[in-house]
Amino acid sequence: MPLFVLPMINLFGRKRCVLIGFSIDAICSVLFAMTDYFTAGQSREFLACAVAIRFVIGGAAALNRTPCGALLIEAAGKDRLEAVTGIYMACEGCGVILGPMIYATLFDLYGFQRTLLIQAI
């Protein structure tokens with residue numbers, strides 16, 4: 001977990017951190033889709049922008065996942081804790097397995113920019 005997640009959770013609370021993380025992810029996905037317009041294709045500027053934006057998207061994902069799991073566990077209550085935790089972990093596992101396949105299919109069908117705009121939505 002990045003070092004900034006716990007201070008952000010303490011400062012803003014779990015629900016706001018999830019919303020902030022989703023907002024950062026959506027904004028950065030749109031920016032990533034638009035980098036091709038502002039940089040020259042396969043240039044160094046494009047690569048630098050792409051790496052920086054993906055780094056920020058990874059931080060936003062950490063800001064989403066950590067408090068989201070805590071919120072789900074808190075909402076479950078003690079009697080359904082194991083079931084909710086199991087479903088949450090199964091969904092994360094499916095996302096890790098299916099996510100790249102879905103992303104590659106969308107990239108093949110729609111291209112780079114439209115796929116990232118779909119991700120932002």
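**Contacts between helices in a predicted model**

R14 is partly exposed, at a relative accessible area of 32%; buried here means under 20%, exposed over 50%, and partly exposed in between, with a 1.4 Å probe and protein chains only. This is a predicted model, in which local features need pLDDT of at least 70, side-chain atom pairs count only at pLDDT 80 or more, and totals for chains, interfaces and linings use all residues. Residues are numbered from 1 along each chain as its sequence is written, and side-chain values use heavy atoms, with hydrogens and water left out.

I start with the charged pairs. A salt bridge is a side-chain nitrogen of Lys or Arg within 4 Å of a carboxyl oxygen of Asp or Glu, and by that rule there are two salt bridges. In one of them R14 pairs with E74, and the closest N and O atoms are 2.4 Å apart. That pair links distant parts of the chain, with R14 in helix 2 and E74 in helix 3, 60 residues apart. Helices are DSSP runs of H or I with at least four residues, numbered from the N terminus.

E92 forms a salt bridge with R65, where the closest N and O atoms are 2.7 Å apart. Here helix 4 supplies E92 and helix 3 supplies R65, 27 residues apart. E92 is partly exposed at 21% relative accessibility, and R65 is partly exposed at 46%.

Now the rings. Rings of Phe, Tyr and Trp (its six-membered ring) pair if their centres lie within 6.5 Å; planes under 30 degrees apart count as stacked, over 60 as edge-to-face and the rest as tilted. The structure has two aromatic pairs. F32 and F112 are edge-to-face, 5.3 Å centre to centre with 90° between the planes. F32 lies in helix 2 (residues 14–38) and F112 in helix 5 (residues 112–120), so this pair ties together parts that are 80 residues apart in sequence. Is F32 buried or exposed? F32 is buried, at 7% relative accessibility, while F112 is partly exposed at 22%.

F46 and F112 are also an edge-to-face pair, at 6.1 Å centre to centre and 65° between the planes. F46 is in helix 3 (residues 44–76) and F112 in helix 5, 66 residues apart. F46 is buried, with a relative accessible area of 15%. Together, F32, F46 and F112 form one aromatic cluster.

Last, helix 4 again. V96 is found in helix 4 (residues 81–110) and is exposed, at 57% relative accessibility.

Methods: Helix = DSSP H or I, 4+ residues; strand = E, 2+ residues; numbered from the N terminus.
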